[in-house]
Amino acid sequence: MRMGEFSRRTGVSQRLLRYYEEQGLLRPERRPSGYREYAEEDVATVRGIRMLLGAGLNTAVIAELLPCMVDTGRILAPACSGMLPDLRRERERIDEAVSGLLSARDRLDAIIDATARDGVVDPDPDACATGLV
């Protein structure tokens with residue numbers, strides 16, 4: 001199937017499909033005209049890519065792991081237990097990122113609390129215009 005139809009079937013933009021191809025995650029055939037031709041199994045591949053991205057993995061890691069994954073129809077599963085160390089390493093990386101975000105949130109909460117507690121009054125409303133909104 002051509003890219004437009006493939007994009008509709010997978011719910012993934014054509015731009016993102018080209019990116020997946022650049023990253024080596026998808027390998028559509030090329031017609032003599034240069035148009036990409038996707039196979040039916042590529043739909044499952046994109047579903048797997050999206051699932052792994054949703055699990056917090058980056059495309060470089062996905063490129064390594066995806067060929068060794070099995071689509072159970074419900075979720076992707078490692079085809080062999082040798083993949084578990086890589087998956088656990090990625091989980092540890094995500095845990096560290098979550099911890100960092102929670103620490104950042106705690107610091108921001110402390111700043112917000114201090115501002116409210118100390119009753120900060122703006123001497124000049126224009127001096128505190130941040131443009132963040």
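**Exercise 1.** Determine whether Y38 is buried or exposed in this predicted model.

*Solution.* The relative accessible area of Y38 is 3%. Buried means under 20%, so Y38 is buried.

**Exercise 2.** Identify the aromatic pairs of the structure and describe their geometry.

*Solution.* Step 1. The structure contains two aromatic pairs.

Step 2. F6 and Y38 form a stacked pair, with 4.1 Å from centre to centre and 0 degrees between the planes. Since F6 belongs to helix α1 (residues 3-10) and Y38 to the loop between β2 (36-37) and α3, this pair ties together parts that are 32 residues apart in sequence. F6 is buried, its relative accessible area being 0%.

Step 3. Y19 and Y20 form a tilted pair, with 6.5 Å from centre to centre and 55 degrees between the planes. Y19 is partly exposed at 33% relative accessibility, whereas Y20 is buried at 1% relative accessible area.

**Exercise 3.** Describe how helix α2 packs with helix α3.

*Solution.* Step 1. Two packed helices are described by the angle between their axes and the distance between those axes.

Step 2. For α2 (residues 14-22) and α3 (residues 41-54), the angle is about 85 degrees and the axes are 12 Å apart. Angles of 65 to 115 degrees count as roughly perpendicular, so α2 is roughly perpendicular to α3.

Step 3. From α2, the residues L16, L17 and Y20 meet V46, I49, R50 and L53 of α3. By class, this contact has six nonpolar residues, no polar residues and one charged residue.

**Exercise 4.** State where the charged end of R2 sits.

*Solution.* The charged end of R2 is placed over the ring of Y35, at 4.1 Å from the ring centre.

Notes. Residues numbered from 1 in each chain as written. Predicted model: local features only at pLDDT ≥ 70, side-chain atom pairs only at ≥ 80, totals over all residues. Heavy atoms only, no water. Axes fitted to C-alpha atoms, helices over the stretch in contact; angles between N-to-C directions. Helix = DSSP H or I, 4+ residues; strand = E, 2+ residues; numbered from the N terminus. Parallel < 35°, antiparallel > 145°, perpendicular 65-115°, else oblique. Contact = heavy atoms within 4.5 Å. Nonpolar A, V, L, I, M, F, W, Y, C, P; charged D, E, K, R; others polar. Phe/Tyr/Trp six-rings, centres within 6.5 Å; stacked < 30°, edge-to-face > 60°. Buried < 20%, exposed > 50% of the residue type's maximum accessible area, 1.4 Å probe, protein only. Lys NZ or Arg CZ within 6 Å of the ring centre and 35° of its normal.
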